Amino acid sequence: MTPSPLVKPSDRRLFLAAAAGALLASPPARAQPSPQPSPQPSPQPSPQPWPAGRATPALVLPSWQGPAVSLAALHGRPVLINFWASWCAPCRTEMPSLELLATRFEAEGLEVLAVNYRETDGAVRRYVEQTGITLPVLRDRDGAAAQAFGVRIFPTTVAVGRHGRAMFTVVGELDWSGDAARSWIAPVLSSSPR
């Protein structure tokens with residue numbers, strides 16, 4: 001092989017020496033695993049107590065397919081009100097665990113209401129058909145219910161005791177089938193209807 005007329009033999013030797021030195025200075029790829037950045041855990045949402053003295057807003061909303069649902073009519077049952085939207089990725093991620101929670105505590109009377117925030121009938125229909133969600137889907141068409149409950153971030157879930165009063169709010173995506181969530185739900189399930 002003849003050297004290119006544009007590259008001087010001395011330059012070529014320097015380049016080859018530098019490349020060989022770099023190879024010898026670095027250990028083989030298999031000798032030592034390269035450090036991986038440690039994953040930063042996302043902060044776990046935690047329940048925030050409902051403000052003392054603040055009344056629980058009335059909630060009467062049309063359901064996706066069926067009659068309107070009223071929070072007052074559910075007095076005596078523990079209720080989770082989950083505010084969500086189909087465009088919200090964390091909402092979609094947490095929905096299966098809410099379904100599981102509703103099934104797991106059905107015998108204790110737990111009612112999980114999925115309140116959709118200001119989406120069209122078509123968007124809700126597509127979401128329900130694609131996911132097969134079985135929770136009662138309520139329509140907050142104008143956003144008034146979310147506003148009344150102070151919802152600014154989706155998903156937000158409000159826990160209401162058997163007495164009909166809000167107990168706490170969880171802002172953000174949560175695995176509702178996890179141990180932490182079950183410990184938070186326990187007082188809601190055991191709340192007195194009075």
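This report walks through a helix, some aromatic pairs and one arginine in a predicted model.

## About the model

Because the model is predicted, local features need pLDDT of at least 70 and side-chain atom pairs count only at pLDDT 80 or more, while totals for chains, interfaces and linings use all residues. Residues are numbered from 1 along each chain as its sequence is written, and side-chain values use heavy atoms, leaving out hydrogens and water.

## Helix H5 and its buried face

Let's start with helix H5, which covers residues 179-189. Helices (H or I, at least four residues) and strands (E, at least two) are DSSP runs, numbered from the N terminus. The buried residues of H5 are Ala181, Trp184, Ile185, Val188 and Leu189. Here, buried means under 20% relative accessible area, exposed over 50%, and partly exposed in between (1.4 Å probe, protein chains only).

Looking down the axis of H5, these buried residues fall within an arc of 145°, so they line one face of the helix. The arc is that of the directions from the helix axis to the C-beta atoms. What do the buried residues of H5 pack against? Their partners are strand S4 (79-84), helix H2 (89-104), strand S7 (156-160) and strand S8 (166-171), with contact meaning heavy atoms within 4.5 Å.

## Aromatic pairs

The structure holds five aromatic pairs. Rings of Phe, Tyr and Trp (its six-membered ring) pair if their centres lie within 6.5 Å; planes under 30 degrees apart count as stacked, over 60 as edge-to-face and the rest as tilted. Tryptophan 87 and phenylalanine 154 have ring centres 5.9 Å apart and planes at 80°, so this pair is edge-to-face. Tryptophan 87 sits in the loop between S4 and H2, and phenylalanine 154 in the loop between helix H4 (144-148) and S7, so the pair ties together parts 67 residues apart in sequence. Tryptophan 87 is exposed at 54% relative accessibility, whereas phenylalanine 154 is buried at 16%.

Phenylalanine 154 also forms a tilted pair with tyrosine 117, at 4.7 Å centre to centre and 40° between the planes. Tyrosine 117 belongs to strand S5 (residues 111-117), 37 residues from phenylalanine 154, and is partly exposed at 22%. Elsewhere, ring pairs link Trp50, Phe83 and Phe149 into a cluster.

## Arginine 139

Is arginine 139 buried or exposed? This residue of strand S6 (residues 137-140) is buried, with a relative accessible area of 3%. The side chain of arginine 139 reaches the backbone oxygen of glutamate 119 at 2.3 Å.

Leaving aside neighbours within four places in sequence, arginine 139 is in contact with residues including Leu61, Pro62, Trp64 and Asn116.

Terms used: A polar contact is a pair of N or O atoms within 3.5 Å; within protein, one must be able to donate a hydrogen and the other to accept it, and residues adjacent in sequence count only if both atoms are side-chain atoms.
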